[in-house]
Amino acid sequence: MRSAIHASFGDPAEVLTLGESPVPQPGPGEVRIKTLLAPIHNHDLWTVRGHYGYKPELPAIGGSEAVGVVDALGEGVQGLSIGQRVAASFVHGTWAEYFLAPAQAAVPMPDAIGDETAAQLIAMPLSALMLLEFLEVKPGQWVIQNTANGAVGKTVAMLAKARGVNTINLVRRDAGVAELAELGIEHAVSTARPDWQDEVRAIVGDAPISAAVDSVGGKASGELMSLLGENGVLASFGSMSGEPMQISSSDMVFKQTTVKGFWGGKVSDTMAAQDKHRLMGELLALATRGALKLPVEGIYDLADAAKAAAASLAPARKGKVLLKP
């Protein structure tokens, strides 16, 4: 089968190539899925670089999420049928014509949800919902996040709104404010403005900011911490800057704040099945009625995986880059 593979770790735009791989055979409890569309996530690119928490054996097929059609059933699989359209995430090797998934990870997709949305419905949106629960924020409370115009940031803002939670959405460019407004996301603030922190305080008024989500690291961590209220929580979601978090000890001590690391894959592994089903049902309902918008920047053939990876890293990207077998 055709697949986007890398024989070494490195820059995805350089090491990804089109290759031929054996069609995988499902084992007990697994299904084989014929890929329709697969997204390129930041953690996929980190995996190709060899810098993620999971490091595959080489040569490796990239990708961790996709929508497709069930093509074969492993022994003991029930509740799924050949020809059924499903989405799966937290799996491996989706940048190929076929991939394997545990049967319980394959989520049937309603006809009302198109392929472009279904391809990216689980990993980032489910992580966003798990993040909101991880932060234990309640309706009416405030959450602040940076990189709000990224895939996770947009979905956090939309899902928080659906739950009655208020968000302050930080972007690095003034143009990002208008970009979020097009999606109906409010309270966007550009950190390119010298008085952006005053703008944040003006939006929340006297209300405390209960939680912050940091995807940048470096001094951005400390900037978020300075805006947190008493007993606030700062969640480290990533480190786009590649720098250690720079946090004021006085903010930690006198505000009694807490810093936590969040890794969606680990949280998903330990989450009770009924809670995961509840969150997935919430996502499907929102996507079906159009309350969850997941834009697409472009769709590339597997042969152009290196170009697609470069496009996924473009700073002004407004949606996900997808691969099509």
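Predicted model: local features only at pLDDT ≥ 70, side-chain atom pairs only at ≥ 80, totals over all residues.
**Salt bridges and one buried threonine**

I will begin with T35, which at 6% relative accessibility counts as buried, where buried means under 20% relative accessible area, exposed means over 50%, and partly exposed is in between, using a 1.4 Å probe and protein chains only. Residues are numbered from 1 along each chain as its sequence is written, and side-chain values use heavy atoms, with hydrogens and water left out.

T35 lies in strand 3, and here strands (E, at least two residues) and helices (H or I, at least four) are DSSP runs numbered from the N terminus. A polar atom of the T35 side chain lies 2.8 Å from the backbone oxygen of A96. If we leave aside neighbours within four places in sequence, the residues in contact with T35 include A66, V67, G68, A96 and P325, contact being heavy atoms within 4.5 Å.

Now to the charged pairs. The structure holds twelve salt bridges, each defined as a side-chain nitrogen of Lys or Arg within 4 Å of a carboxyl oxygen of Asp or Glu. One of them joins D71 and R32, whose closest N and O atoms are 2.6 Å apart. Because D71 lies in strand 5 (residues 65–73) and R32 in strand 3 (residues 30–39), this pair ties together parts that are 39 residues apart in sequence. D71 is partly exposed at 26% relative accessibility, whereas R32 is buried, with a relative accessible area of 13%.

What do the side chains of D115 and R85 form? They meet in a salt bridge, at 2.7 Å from N to O. Since D115 belongs to helix 3 (residues 115–118) and R85 to strand 6 (residues 85–89), the pair ties together parts that are 30 residues apart in sequence. D115 counts as partly exposed at 29% relative accessibility, and R85, with a relative accessible area of 18%, is buried.

My last pair is E199 and R193, whose side chains meet in a salt bridge at 3.1 Å, N to O. E199 is partly exposed, with a relative accessible area of 24%, and R193 also counts as partly exposed, at 27% relative accessibility. Finally, salt bridges that share partners join E133, R163, D275, R278 and E282 into one network.

Technical notes. Polar contact = N/O pair within 3.5 Å; in protein donor to acceptor, adjacent residues only side chain to side chain.
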